[in-house]
Amino acid sequence: MASTEEIRSNLAEIVNEIAGIPVEDVQLDKSFTDDLDVDSLSMVEVVVAAEEKFDVKIPDDEVKNLKTVGDAVAFIERAQNG
Amino acid sequence: MSKTRVVITGLGATTPLGGDVSSTWEGLLAGRSGARRLTDEWVQNLAVQIAAPAAVDPTEVIERVKARRLDRTAQLAVVAAREAWADSGLEDSGMDKERLGVAVASGIGGLHTTLSNYDALQQNPRRVSPLAIPMLMPNSSAAYVSLEFGAKAGVHTPVSACASGNEAIWLGLDQIRLGRADVIIAGGSEGAIMALPLAAFGMMQALSKRNDDPERASRPWDVDRDGFLLGEGAGVLILESYEHAKARGAKMYAELAGAGISADGHDIAQPDPTGSGARRAMERALSEGDLTPADIFHINAHATSTPQGDIAESLAIRQALGKDADHAVATAPKSMIGHLLGGAGAVESVATVLALHNRVSPPTINVDKLDDQIDLDVATEQRKLPEGDIAALNNSFGFGGHNAAIAFKSL
């Protein structure tokens, strides 16, 4: 099972690829919209790329609850363990 | 009421000959071909395997994250628009952006996006990009150009197949003459070198099949021409009211004197063989520009290298200009850059403006034996243009019977 840090780091690479945010800025306490300036359509792309990368399902209804990088990492961890 | 004078104050281009205006113009003057044999895997089953791709990949110029949100057609448009905008010096002029408009055309729109997302859909609907619609819509190039510079007067996308680029200039001219804007960023773009258009134009028997000799495939007016060569790229011109340009001390390349549009009302794909539609477009451009045939010394012809089209245009030019066509040098840039579809009229308008500005007509290449049905003064070498007040025409015609002619005047 991937560690929290592994998930964060892989997610950071996805956010960098799609939105151009430097990998080191994608930290657990950062808000996707307020801190990282990831717009809603880019967020959809991040979610779909994360689903494929981590082999999980992230329902569209869930996306609005993923406000911070930490929220997303925690969701992915739960989904992988569930 | 006197017409508002409109001038060209900025130029931008990215073409099969180069990633900017100067390299494109140098290539045209040198008679260089941008054609090549395609080696991509997707081309192997196609009857036509040649094209003229953009010399500089737009993704090398546009920032990576931005580039992935733009279809290739919009990428090319943005590259050309940035050059034209910088050339105009308008960024530092403090102009009111509510008086800045955009008219950027495309013949087909975001076809790369349409096709790649259809492939993604077949694999998994969740792989379809959330940006697919804003990337594939035909107005995408114009919209992204307006976002680049904050244009707020209005954003327009004329769609008239291969006449689209010229129609954008026609539309832009009207916006300024009607007092709706002081400046219009006008042009056209196309990035459609893909299997589907090559196969489809090929099935229409519209393309040259000289796979073994790509640089000699596009041969407008030559007796052995067998169809056009698909090219890609974009051209953008800054159209500005003379008063606005003069007030800020802008450099002016030429005057956009008039533009004429007509329809053949004849056939969806074949040109009217009498050339009457094309003739009316040229006549309208002249009369709107207060010009007479005697003023025309350079004609950038549509001349795609198809057997019928080149003859119909030659007839039309003769009807529009009569004996005055004798002193007008005819030039066919498509012999070098291929046919840029919605980008053609815009790139060739850039070339026409430069011909007037530099007083030289670029050559037409591959005219080994002039078709005796072509009654034009075809220059196979560069030709100097006379000093004094002269004017030029740029023709573009499109599937659907669209004819669009632009008249430029020297300054």
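Predicted model: local features only at pLDDT ≥ 70, side-chain atom pairs only at ≥ 80, totals over all residues.

Reader: Why is B:G150 called exposed?

Author: A residue is called exposed if 12 or fewer other C-beta atoms lie within 10 Å of its own; B:G150 has 9 other C-beta atoms within 10 Å, and therefore it counts as exposed. B:G150 sits in the loop between α6 (140–149) and β5 (154–156) of chain B, and from C-alpha to C-alpha it is 25 Å from B:D57, a residue 93 places away in sequence.

Reader: And why does A:S40 count as exposed?

Author: The cut-off is again 12 or fewer C-beta neighbours within 10 Å, and A:S40 has 11 of them inside 10 Å, so A:S40 counts as exposed. A:S40 has its place in helix α2 of chain A, and an unreviewed UniProt entry lists A:S40 for "modified residue: O-(pantetheine 4'-phosphoryl)serine".

Reader: What makes up the contact between chain A and chain B?

Author: Two residues are in contact if their C-beta atoms lie within 7 Å, and by that criterion six residues of chain A are in contact with seven residues of chain B. Helix α2 (residues 40–54) of chain A gives the most to the chain A side, with four residues, and by class that side has four nonpolar, one polar and one charged residues.

Reader: How is chain B divided into domains, and what makes up the contact between them?

Author: Chain B is divided into domain 1 (6–247) and domain 2 (261–409), whose centres, taken over C-alpha atoms, are separated by 20 Å. The contact takes 60 residues from domain 1 and 53 residues from domain 2 of chain B. On the domain 1 side, the elements giving two or more residues include β1 (6–14), α1 (21–30) and α7 (164–177) of chain B, and α7(B) gives the most, with seven residues. By class, this side of domain 1 has 32 nonpolar, 20 polar and eight charged residues. A UniProt record, from an unreviewed entry, lists residues 3–410 of chain B for "domain: Ketosynthase family 3 (KS3)".

Reader: Which residues touch the most other members of the largest nonpolar core?

Author: Of the 125 residues in that core, B:I185, B:L237 and B:L239 touch the most other members, and the core draws at least three residues from each of domain 1 (6–247) and domain 2 (261–409) of chain B. Not counting residues up to four places away in sequence, the residues that B:L239 touches include B:V6, B:I8, B:L173, B:I176 and B:L256. Apart from this core lies another, of 22 residues, among them A:A12, A:M43, A:A72 and A:F75.

Methods:
Residues numbered from 1 in each chain as written. Chains lettered and ligands numbered in written order. Domains from an automatic or database assignment. Nonpolar A, V, L, I, M, F, W, Y, C, P; charged D, E, K, R; others polar. Buried ≥ 20, exposed ≤ 12 C-beta atoms within 10 Å, placed from the backbone. UniProt positions renumbered as here; feature names shortened; annotations may be inferred. Core = buried A, V, L, I, M, F, W, Y, C linked by C-beta atoms within 7 Å.
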